[in-house]
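Reader: I am new to this structure and would like to go through it with you. Could we start once it is on the screen?

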Amino acid sequence: MSEKSVAHDGAKEKFKLIFVCAGNTCRSPMAEFMFKEYLKEKKRSSEFNVSSAGLYAACNDYLTESADQALSVLGVKHTKRKAKPFTVRMSLESDLIVAVNEEYARACGGKNAVSYERLIGSPVFDPYCYPLPAYLKCADILKSGFDKILEMCDEIIAERS
């Protein structure tokens with residue numbers, strides 16, 4: 001096993017997955033909270049540390065009201081937390097980075113970044129400043145990649161074993 005897969009006390013470290021978009025106020029936090037629910041349904045949440053960040057996030061921004069509403073409509077447990085800027089450290093410490101488009105995946109650097117374009121054949125559009133139905137459509141697009149994302153995670157985990 002690699003150093004990254006085993007903690008200092010001998011216990012397995014959680015797989016670190018991060019979703020990335022522009023501002024970390026719509027798409028990536030929606031993906032984060034929805035993927036956490038997805039993992040609960042799969043009974044695998046204890047294996048993962050799922051987070052999100054934005055390449056252009058401002059620290060004083062929060063989850064948008066429409067993203068908050070969309071997650072509530074979908075019954076997804078979430079918080080209205082502050083946006084987090086994506087950092088080099090996140091890139092180095094993440095096992096897999098999933099970006100909303102190919103440009104952002106390249107900007108994240110490293111071989112552990114993949115885009116929704118590669119996963120499902122199209123980028124995830126930005127619903128920012130659009131009404132609730134656009135956020136719900138965005139949520140459907142995000143969710144459509146979850147099975148493939150979990151498969152990628154499992155492949156990476158298997159490679160390390």
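Author: One term is needed at the outset: a residue is called buried when its relative accessible area is under 20%, exposed when that value is over 50%, and partly exposed in between. Please also keep in mind that this is a predicted model.

Reader: Is Glu32 buried or exposed, then?

Author: Glu32 has a relative accessible area of 4%, so it is buried.

Reader: Which residue forms a salt bridge with Glu32?

Author: The partner is Lys36, and the closest N and O atoms of the two are 3.0 Å apart.

Reader: Where do Glu32 and Lys36 lie?

Author: Both belong to helix H1, which covers residues 27-41. They are separated by about one helical turn because they are 4 residues apart in that helix. Lys36 has 31% relative accessibility and therefore counts as partly exposed.

Reader: Which residues make up the network of salt bridges there?

Author: Glu32 and Lys36 are linked with Arg81 in that network.

Reader: How many salt bridges does the structure hold?

Author: There are 10 salt bridges in the structure. One of them joins Asp154 and Arg44, with 2.7 Å between the closest N and O atoms.

Reader: What about Glu93: which residue does it form a salt bridge with?

Author: Glu93 pairs with Arg89, and their closest N and O atoms are 2.8 Å apart. Both residues lie in helix H3 (residues 88-93), 4 residues apart, which is about one turn of the helix. Glu93 counts as partly exposed at 35% relative accessibility, and Arg89 counts as exposed at 59%.

Reader: Changing topic, which residues form the negative surface patch?

Author: Asp147, Glu151, Glu155 and Glu159 form that patch. Glu151 lies in helix H7, residues 146-160, and is partly exposed with a relative accessible area of 48%.

Reader: Now the loops, please. Where is Pro127?

Author: Pro127 sits in the loop between helix H5 (116-120) and helix H6 (132-144). Its relative accessibility is 0%, so Pro127 counts as buried.

Reader: Which residues does Pro127 touch?

Author: Leaving aside residues up to four places away in sequence, Pro127 touches Cys26, Arg27, Ala134, Tyr135 and Cys138.

Reader: And how many residues apart in sequence are Pro127 and Leu71?

Author: They are 56 residues apart in sequence, and 14 Å separates them in space from C-alpha to C-alpha.

Reader: What is the phi of Cys129?

Author: Cys129 has a positive phi near 75 degrees, although this residue is not a glycine. Cys129 is in the loop between H5 and H6, and it counts as exposed at 66% relative accessibility.

Definitions and conventions. Residues numbered from 1 in each chain as written. Predicted model: local features only at pLDDT ≥ 70, side-chain atom pairs only at ≥ 80, totals over all residues. Heavy atoms only, no water. Patch = residues over 30% accessible without salt bridge, like charges linked within 9 Å, V, L, I, M, F, W, Y side chains within 5 Å. Areas by Shrake-Rupley, 256 points an atom, 1.4 Å probe, with all protein chains shown as cover. Salt bridge = Lys/Arg side-chain N within 4 Å of Asp/Glu carboxyl O. Lys, Arg positive; Asp, Glu negative; His and termini not counted. Charge placed at Lys NZ, Arg CZ, Asp CG, Glu CD. Helix = DSSP H or I, 4+ residues; strand = E, 2+ residues; numbered from the N terminus. Buried < 20%, exposed > 50% of the residue type's maximum accessible area, 1.4 Å probe, protein only. Contact = heavy atoms within 4.5 Å.
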